[in-house]
Amino acid sequence: IVFGDWSSDVCSSDLDARLHQAAEARPEIPGAPKASDVCMRSLRPRPMNAKDPHNTLDAMRGFHVTWLEWTYGDNRDFIRQVHDLGATFGGALAAGSYVGDQPRETWNVRDREGAPVYATWMRAWKRPNPWGCANHPEFRAGHVRAAIAAVEAGADVLQRDEPGQNTHALNWGGCFCEHCLAGFNRWLEKNADPEVLQRLGVTDLATFDYRDYLRVREAPVGDDFRRWKGDELKGYFERFQTESTVAFNRWWREELDRHFGRRIPVSCKIGRASCRERV
């Protein structure tokens, strides 16, 4: 068995060490499943309709599941039935999770020319899932509302899918909404090298529009923007969106905890701009 660079030190035939002797105990992560838990994921409570042959609760009984993980929705009756089985219910959020009355077109990430941007793997779907902008006030508020609704419905923990948010959207040419543009100008004022801005012709950040800057330079739109080498300003824009994503993830977690007055365990996929473990 090979485990990274230290495998030769552990598994070498001329050493007496064994893997269990090399392993080190780590502090227990609050809200994480126990080693004895039997976990199962059900993206949606099943059956979803009268023709659906699958049943989440029956599957839980059949496999003696003690932890239902990563399940979207805030159906109180379903969550109560999960709890009646003695199981933990793990709710779920994604990059487009939103509760509110504004259409997705309002707060979805946008490319340079204003078109909504969707993840590449969703584009073949009849209706791709939305991808909210981490800098859009309406999405930010609606995402917190979605998290609160899941916990109020009975979710014990939450799984956050697609935490890369705006950083990930850079791969598809986003986001260039008005809130991102205004935020980028403020970021440049605080973080950019004035000499670099002067050399690139960015002299007035009060009126600067990065979209126009890119149009003049015939930069590509959409997916091809990621492959465009660009200049220092593109690097600045990438840093701005990554920092926006990190700040957003920290913010909505703090808002969730503040609302309930306690720490709500949240897990997510390991990612560049995401949390690293259930905390």
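How do β4 and strand β5 pair, in the parallel or the antiparallel sense, and over how many bridges? Strand β5 covers residues 266-268, and the two strands pair in the parallel sense over three bridges. The model is predicted. The protein has 279 residues, and buried residues make up 44% of them. Its secondary structure comes to 12 helices and five strands. Among contacts with a separation of 6 or more, 67% join residues 24 or more positions apart.

**Confidence**

- The average pLDDT of the protein is 90. A score of at least 70 is reached by 90% of the residues.
- Residues 1-14 stay under 50 in pLDDT. The model gives this stretch 13 contacts beyond four places in sequence.
- Residues 272-279 also stay under 50. Here the model has 37 contacts beyond four places in sequence.
- Where pLDDT is low, the predicted coordinates should not be read in detail.

- Strand β2 spans residues 67-71 and pairs with β3 in the parallel sense, over three bridges. Leu68 has Phe89 of β3 as its bridge partner.
- β2, α4 and β3 together make a right-handed β-α-β unit.
- β3 also runs parallel to strand β4, residues 157-160, and four bridges join them. Leu93 stands opposite Arg160 in β4.
- Five of the six residues of β3 are buried, so this strand is largely enclosed by the rest of the structure.
- In a regular strand the side chains alternate between the two faces of the sheet.
- In β4, Val157 and Gln159 point one way. Leu158 and Arg160 point the other way. All four are buried.
- Gln159 has Ser267 in β5 as its bridge partner.

**Aromatic pairs**

- The model holds 21 aromatic pairs. One of them is formed by Phe78 and Phe89.
- Why does Phe78 count as buried? Its relative accessibility is 7%, and buried means under 20%.
- Phe89 is buried too, with a relative accessible area of 1%.
- Phe184 and Phe240 form a tilted pair. The centres are 5.6 Å apart and the planes 45 degrees apart.
- Phe184 lies in helix α8 (residues 178-191) and Phe240 in helix α12 (residues 232-260). The pair therefore ties together parts that are 56 residues apart in sequence.
- Both Phe184 and Phe240 are buried.

- Arg140 lies over the face of Trp251. The distance to the ring centre is 4.3 Å.

**Two residues of helix α8**

- Leu181 is found in helix α8. Leu181 counts as buried because its relative accessibility is 7%.
- Leu181 and Phe208 are 27 residues apart in sequence. In space they are 8.8 Å apart, C-alpha to C-alpha.
- Beyond its neighbours within four places in sequence, Leu181 is in contact with Phe176, Asp209, Tyr210 and Arg211.
- With a relative accessible area of 33%, Ala182 is partly exposed.
- Ala182 and Leu205 are 23 residues apart in sequence. Their C-alpha atoms are 9.3 Å apart in space.

Key. Residues numbered from 1 in each chain as written. Predicted model: local features only at pLDDT ≥ 70, side-chain atom pairs only at ≥ 80, totals over all residues. Heavy atoms only, no water. Phe/Tyr/Trp six-rings, centres within 6.5 Å; stacked < 30°, edge-to-face > 60°. Buried < 20%, exposed > 50% of the residue type's maximum accessible area, 1.4 Å probe, protein only. Lys NZ or Arg CZ within 6 Å of the ring centre and 35° of its normal. pLDDT = per-residue confidence, 0-100. Contact = heavy atoms within 4.5 Å. Pairing = 2+ DSSP bridges. Right-handed = clockwise from strand over helix to strand, strands pointing away.
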